[in-house]
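Reader: I'm new to reading protein models. Can we walk through this one together, feature by feature?

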Amino acid sequence: MEKTGYGLLMNYLSTGEPIKTTNQIYINQTTIIINEILERILIIMSNLKNINSINMFMGASTKQGQDIATRSRKIVKSLIDEKTQHLKPEERSIIERIVHSTADPEYAEITRISDDFVDSSLESIQSGGDILTDITMVKAGINGYSGNIKCYINHEKTLKIAKKEEITRAAAAMRVAAVEGFNGIVVIGNSPTALFEALKLIKNNYMDAKSVIGVPVGFVAAAESKEALEETDIPYLITRGPKGGTPVAVAAINSLINLDNK
C-alpha cells in the first residue's frame, strides 16, 4: 500500500529514501506539504531578519528596552566622545559597546585597535569564517552569528595534551583548534596562556587567524600577552594592562557581528 503524501515526505526526511509513487495525487500532496514547510521557513527567516533590522543596541527589542538602551547609549557617548573622536565610526561603536557592557569608561582609553582589525574581521564574518574562543563562557555570550563558534577547552584531545605537556587547558585548546583546521577570528577573554599559544601557532603558520581579540584579564601575564599581540602584524583588538575578561571579549565580537548585520 502506497504511503500518503505526508507519509512519503516523513519517510524521505527520516530515511533519505527517494519519493517514488505512481499516484499523482500523492505527489501533489507531497509537493503541497513541502511548499508549506518552505513557506513557513521563509516566514521565520523574514521575522528574524526584521528583528535584526531593529535598533537592537545591547539586545534591546521591546520599546521599554530600546528606551533604556537609548538613554544608556547617550550617557556612554557623553563619557567617551572626546576620547574616541579620533577613531573610525566602527571602532567607536565597538568601544561604546565595551564601555556599556562593563560600565567602565576607562576602556575608551585602554582599548587599542589596529587599523586593519575591523575590515579583516568583517571580511571573515561575511565569508562565514569560524570564531574560536578560549573558554565556553565567551562562546555562550556570542549571538547572531550563523557561522561556527568553536571552543576546545573541554575537548578530549585538549585534556590529553594539557596533561602530557603540562600546560594549561586553554593553551592546549589552541593547539587542538590548529589541528582541526581553524580559520577565522580568535577571541581570548580570559587566558593569557591561550593568547601566547595562539600567537605562536599563527607565527609558525599552524593557525590561520584573520584577526585576534586579545583581552585576557588578570595580574599574571595578561598585560604581557596583550603587549605581545600588539607587537605583531596580526589585526588585533586589545585592552592594555590587567583589565579585560569575558564581558569585554563578548562585547567586541558581538559588536562586529552587529556591524555586519547592519
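Author: Happy to. Let's begin with E166, which sits in the loop between α8 (156–165) and α9 (169–179). Helices here are DSSP runs of H or I with at least four residues, strands are runs of E with at least two, and both are numbered from the N terminus. This is a predicted model, where local features need pLDDT of at least 70, side-chain atom pairs count only at pLDDT 80 or more, and totals for chains, interfaces and linings use all residues. Residues are numbered from 1 along each chain as its sequence is written, and side-chain values use heavy atoms, with hydrogens and water left out.

Reader: Is E166 buried or exposed?

Author: First the cut-offs: buried means under 20% relative accessible area, exposed over 50%, and partly exposed in between, using a 1.4 Å probe and protein chains only. E166 has 72%, so it counts as exposed. Its phi is also positive, near 55 degrees, in a residue other than glycine.

Reader: Where does N205 sit, and what is its phi?

Author: N205 lies in the loop between α10 and β5, and its phi is near 65 degrees, again positive in a residue other than glycine. With a relative accessible area of 69%, N205 is exposed.

Reader: Back to α9. How many of its residues are buried?

Author: Helices have a handy rule: with 3.6 residues a turn, residues three or four places apart point the same way. In α9, eight of the eleven residues are buried, so the rest of the structure largely encloses this helix. Among them are M174 and V176. The cover includes β2, α8, β4 and α10, where contact means heavy atoms within 4.5 Å. After α9 comes G181, with a positive phi near 80 degrees.

Reader: Which strands does β5 pair with?

Author: Two strands pair if DSSP finds at least two bridges between them. Strand β4 (residues 183–188) runs parallel to β5 and is joined to it by six bridges; I185 has S211 as its bridge partner in β5. Strand β6 (residues 236–239) also pairs with β5 in the parallel sense, over three bridges, and there I213 is partnered by L237. As for cover, five of the seven residues of β5 (208–214) are buried.

Reader: What do β4, α10 and β5 make together?

Author: A crossover is right-handed if, with the strands pointing away from the viewer, the path from the first strand over the helix to the second runs clockwise. Here β4, helix α10 (residues 192–203) and β5 make a right-handed β-α-β unit.
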